[in-house]
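This briefing covers the helix packing, the sheet and the chain contact of the structure shown below. The points are grouped by topic.

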Amino acid sequence: MLIRNAPDLTERDVTDKALYLRRREFITGAAALGLGTGLGFQSAFAAPLPGAKSRFSTNEKMTPKDDVTSYNNYYEFGLDKEDPAKNAGRLKTRPWTVAVEGACAKPQRIDIDALIKRYPLEERIYRMRCVEGWSMVIPWVGFPLASLLRSVEPTSAAKFVVFETLNDPAQMPGVRAPVLDWPYREGLRMDEAMHPLTIMAVGLYGETLPNQNGAPIRLVVPWKYGFKGAKSIVRIRLQETQPSTAWQKANAREYGFYSNVNPEVDHPRWSQASERRIGEFLRRKTLPFNGYGDQVASLYKGMDLRRNF
Amino acid sequence: MQQSWRDRLVYLGVWLACASPLFWIVYLGLTGGLTANPIEKVIRTLGDFGLYVLIVSLCVTPAARLFKQPRWIAQYRRTIGLWAFAYVLLHLLAYIGLDQFFDWGAIGKDILKRPFITIGMIAFVLLIPLALTSTNGMMRRLGPRRWKRIHQLVYIIAPLGIVHYFLMVKQDTRPVVAFGAVVAALLAYRAVQWARKPAPKKRAAGT
């Protein structure tokens with residue numbers, strides 16, 4: 001293993017704060033003059049957002065930040081992997097309100113900055129397995145979804161949680177074409193949503209979330225395929241019935257509600273037995289529940305995972 | 001064949017146009033432009049150009065007729081067709097050597113279990129005799145009728161390529177449908193030519 005522990009020193013420790021703030025101003029000024037172009041541009045605006053270490057983090061080698069922020073599936077900003085990094089810069093993430101509503105005693109509309117300050121932020125270094133057969137290791141910054149859900153006091157009717165992504169054709173060129181049934185919706189069963197591994201991410205690599213990764217707030221469920229992690233969330237709804245999700249609606253034969261990472265259940269068109277970790281040459285074996293089986297397999301006891309894929 | 005310097009220059013242009021996607025891929029590779037997942041990007045791009053160049057090769061005959069330049073067929077069709085074969089071959093080799101790293105068990109399973117790979121393999125296998133019989137010597141040995149018969153396989157290969165592409169697309173099928181329409185139009189052109197042919201025994205000018 002290359003990196004056992006996260007390095008003790010970060011860029012912040014070795015660079016004088018006044019200096020790097022001035023550097024930031026310079027970058028902003030340069031961008032305003034049209035000097036900044038291309039990849040990594042948005043992340044130049046990212047603000048530091050540290051999170052406390054977590055026992056849920058993996059010590060696997062992290063995927064380089066450039067790869068995490070330049071290779072994305074975010075169809076609202078285009079279908080190619082490079083499109084989100086190119087097009088998401090125009091997304092305005094302030095002001096931003098997240099509505100938490102439905103089967104709960106205290107529905108809320110929460111301003112994103114208040115929400116980020118509301119819970120202690122943790123760094124969660126998770127494996128991320130895309131349904132397409134590639135994977136990354138990403139240091140998210142966020143808080144458990146359970147904390148947020150508890151605060152709205154779900155009623156007994158709250159059996160499922162629905163997540164809804166912003167749907168704004170003015171800012172998101174991808175939604176102008178009916179590629180998916182917009183807005184993008186994802187869902188979890190209540191026990192999945194309340195699981196301590198499930199987080200709302202507001203940052204990565206110790207900084208606020210880049211737009212192409214789902215700013216200002218997104219869902220991360222590390223034992224499921226990446227598309228379950230709805231990005232740029234505006235609404236979280238508690239309800240009694242199982243929702244139909246965007247990919248399920250697009251192709252129910254290929255994408256199920258659960259979408260747990262499972263090397264035994266192939267996608268109808270390709271094998272899920274192995275994956276390519278971004279940055280590695282040889283494919284590696286895919287693990288059941290993306291390697292989080294010890295923590296989550298019990299959620300699915302007695303269920304036929306071939307049928308409930 | 002007598003060739004003027006202009007013919008040679010145009011031929012060089014066609015050759016370079018066919019080769020440019022390969023140069024472009026190499027350039028992207030050297031400058032880090034192949035995304036965080038270069039293996040997939042290389043395989044997809046090679047496959048894309050295999051299909052594009054194959055479609056261009058199907059355009060040569062109708063274009064030669066349209067512009068009344070029958071010599072284009074002899075001059076450019078083989079070159080373009082062989083480039084299409086080269087891209088398809090590289091596409092397959094990249095899948096075998098880079099994506100699967102010669103895991104023959106997994107490759108065999110893919111070919112049997114995944115219809116899009118099955119169809120892609122069939123299309124590739126059908127392309128082999130076309131490449132092998134592309135030389136002047138083979139043309140002479142086979143004679144025009146048999147040679148033409150073999151090369152009419154492309155009317156099966158091109159639609160198979162479209163189906164292969166269509167089946168692997170995750171969601172947005174609009175581009176592949178557009179390419180499918182182009183192939184359909186090019187085949188329809190041939191169908192019309194055949195239907196118009198006065199007598200079956202009479203020799204046609206070309207395919």
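In chain B, the axes of helix α7 (residues 154–168) and helix α8 (residues 174–196) come within 10 Å and cross at roughly 165 degrees. An angle over 145 degrees counts as roughly antiparallel, so α7(B) is roughly antiparallel to α8(B). The model is a predicted one.

**Helix packing in chain B: α7 and α8**

- The crossing of α7(B) and α8(B) is left-handed.
- From α7(B), the contact is made by B:Tyr155, B:Ala158, B:Pro159, B:Ile162, B:Tyr165 and B:Phe166.
- From α8(B), B:Val176, B:Phe179, B:Gly180, B:Val183, B:Leu187 and B:Arg190 take part.
- Sorted by class, this contact has 10 nonpolar, 1 polar and 1 charged residues.

**Helix packing in chain B: α2 and α8**

- Helix α2 (residues 38–66) of chain B also packs with α8(B), at an angle of about 25 degrees and with the axes 10 Å apart.
- Angles under 35 degrees count as roughly parallel, so α2(B) is roughly parallel to α8(B).
- The crossing of α2(B) with α8(B) is left-handed.
- On the α2(B) side, the contact residues are B:Leu51, B:Ile55, B:Leu58, B:Cys59 and B:Pro62.
- Their counterparts in α8(B) are B:Phe179, B:Val182, B:Val183, B:Leu186 and B:Tyr189.
- The class count for the contact of α2(B) with α8(B) is 10 nonpolar, no polar and no charged residues.

**Chain A overall**

- Chain A contains 9 helices and 12 strands.
- Of its 309 residues, 41% count as buried.
- Among contacts in chain A between residues at least 6 apart in sequence, 70% link residues at least 24 apart.

**The sheet in chain A**

- An open sheet of 5 strands in chain A has the order β2-β1-β10-β5-β6, with mixed pairing.
- Its edge strands are β2 (108–111) and β6 (185–189) of chain A, each of which pairs on one side only.
- From one strand to the next, the twist averages 15 degrees.

**Strand β1 of chain A and its partners**

- Strand β1 (residues 97–102) of chain A runs antiparallel to β2(A), and 4 bridges join the two.
- A hairpin connects β1(A) to β2(A) through 5 residues.
- In this pairing A:Val100 has A:Gln108 as its bridge partner in β2(A), and A:Ala99 stands opposite A:Arg109.
- With strand β10 (residues 233–239) of chain A, β1(A) pairs in the parallel sense over 4 bridges.
- The bridge partner of A:Val100 in β10(A) is A:Ile236.
- In a regular strand, side chains alternate between the two faces of the sheet.
- In β1(A), A:Val98, A:Val100 and A:Gly102 point to one face and are buried.

**Contact between chains A and B**

- The contact takes 15 residues from chain A and 11 residues from chain B.
- On the chain B side, the residues touching chain A divide into 6 nonpolar, 3 polar and 2 charged.

Key: Residues numbered from 1 in each chain as written. Chains lettered and ligands numbered in written order. Predicted model: local features only at pLDDT ≥ 70, side-chain atom pairs only at ≥ 80, totals over all residues. Contact = placed C-beta atoms within 7 Å. Nonpolar A, V, L, I, M, F, W, Y, C, P; charged D, E, K, R; others polar. Pairing = 2+ DSSP bridges. Axes fitted to C-alpha atoms, helices over the stretch in contact; angles between N-to-C directions. Parallel < 35°, antiparallel > 145°, perpendicular 65-115°, else oblique. Left-handed = near helix turned anticlockwise from the far one by under 90°. Buried ≥ 20, exposed ≤ 12 C-beta atoms within 10 Å, placed from the backbone.
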